[in-house]
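Open the model in your viewer and keep the selection panel handy.

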Amino acid sequence: MSFIDAPIGTRMDCFALVKKSEVRTSAKGSQYLDMDLADKDGEINAKFWAYENSATPNFQPNDIVKIRGTINEYRGTRQFRIERIRPALKTDNVDPADYVAAAEYSGEAMYNAICDLARSFQDDDLRELVLAVYQKYRESLLTHPAAIRLHHAMRGGLLYHTLSIIRMAQAAAKVYPSIDEDLLLTGAALHDIGKLVEIQATPLGVPTQYSVEGNLIGHLVRGATMVRAVGEDIGTPEDKLVLVEHMIISHHGKPEFGAAEPPKFLEAIVLAKLDELDATVFEVESTVKAVGAGEFSNRVWALDDRRLYNPGRKDMSTEADLLKE
């Protein structure tokens, strides 16, 4: 049983991945460990109150630890109260990949699905642009997360988010024939490519922090420069390259949300809406999965500090088959 879905009051022994570990001082003046621990199903805050009187070291992000303790609730939030903690040993035979949140599909499967779709484009220039960018950044794309904490902050999250938007874009193009499908799909495939530079991650695809470029430039502008560099190398016509660049720098919709420019043509506007929709649905699903039918969640900062309700009419853990069109 994972500590993510264990009932309040459950006492358990388990392994976990350290996301954060800080030595803090309590109101009484004693030191304790404040930790964020994770497995493939999510993460939980943990407290080790006996830290000061133990020989336990502080731990580093991405360490695997063995813990014993109890699932508690503090101010409406689940928390793990640690009784004992130690580093995982070689004799424990723990595979760190088993404790990393990951996309539903392998990076290879998602990468191949996107490239196969690009090969079907009618526009030769856009086809070659997408394939050239994906070939150049293939190794990073296979495992990279899409965020530090919020939507798709997982191994393979960047391709998972990208493929989700691609499938919605295909559906939108069927409903609205005025959409240039090849252009919209090109924007969908490339819109977040700058996150390969913006977000630092471990070889397992665990996000760690924003890079200097991520903080100073951001993934929209950096993504546009990455795509332009490839486009110029392979001779993508300037008029098409500018359209793709605009879709990348405008896909957050509004300047206050990070867009360098608001989207100014149909495919750019649709891409921005689909990007927002996918991020929102992911956050809602992730939140509602953790509460029972007929119950409200805790307040969700990323969704305007709302408490979300679970009507109980659908299984929120059901995944669409994104590998099939």
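Is Trp-49 buried, partly exposed or exposed? Select it in this predicted model. Trp-49 is partly exposed, because its relative accessible area is 37%.

Tyr-32 is buried, with a relative accessible area of 10%. The ring centres of Tyr-32 and Trp-49 lie 4.5 Å apart and the planes meet at 35°, so the pair is tilted. Tyr-32 belongs to strand E2 (residues 31–39), while Trp-49 sits in the loop between strand E3 (42–48) and strand E4 (64–74).

Next, select Phe-3 and Phe-80. This aromatic pair is edge-to-face, at 6.3 Å centre to centre with 70° between the planes. Phe-3 lies in the segment before strand E1 (11–25) and Phe-80 in strand E5 (residues 77–87), 77 residues apart. Both Phe-3 and Phe-80 are buried. The total is six aromatic pairs.

Move to Tyr-111. The charged end of Arg-138 sits over its ring, 5.3 Å from the centre.

Now for the cores. The largest nonpolar core has 55 residues; Tyr-134, Leu-141, Leu-190 and Val-227 have the most contacts inside it. Helices supplying at least two residues each include H1 (107–119), H5 (181–190) and H10 (266–288). H4 gives the largest share, nine residues. Centre on Val-227: beyond its neighbours within four places in sequence, its contacts include Leu-129, Leu-190, Leu-241 and Ile-248. A second, separate core holds 20 residues, among them Ala-6, Met-12, Cys-14 and Ala-46.

Finish on the cysteines. Cys-14 is buried at 12% relative accessibility, and Cys-115 is buried at 4%. The whole structure has zero disulfides.

How values were computed:
Residues are numbered from 1 along each chain as its sequence is written. This is a predicted model: local features need pLDDT of at least 70, side-chain atom pairs count only at pLDDT 80 or more; totals for chains, interfaces and linings use all residues. Side-chain values use heavy atoms; hydrogens and water are left out. A disulfide is a pair of cysteine sulfur atoms within 2.5 Å. Buried means under 20% relative accessible area, exposed over 50%, partly exposed in between (1.4 Å probe, protein chains only). A nonpolar core is a set of buried Ala, Val, Leu, Ile, Met, Phe, Trp, Tyr and Cys residues joined through side-chain atoms within 4.5 Å. Helices (H or I, at least four residues) and strands (E, at least two) are DSSP runs, numbered from the N terminus. Contact means heavy atoms within 4.5 Å. Rings of Phe, Tyr and Trp (its six-membered ring) pair if their centres lie within 6.5 Å; planes under 30 degrees apart count as stacked, over 60 as edge-to-face and the rest as tilted. A charge sits over a ring if NZ of Lys or CZ of Arg is within 6 Å of the ring centre and within 35 degrees of the ring normal.
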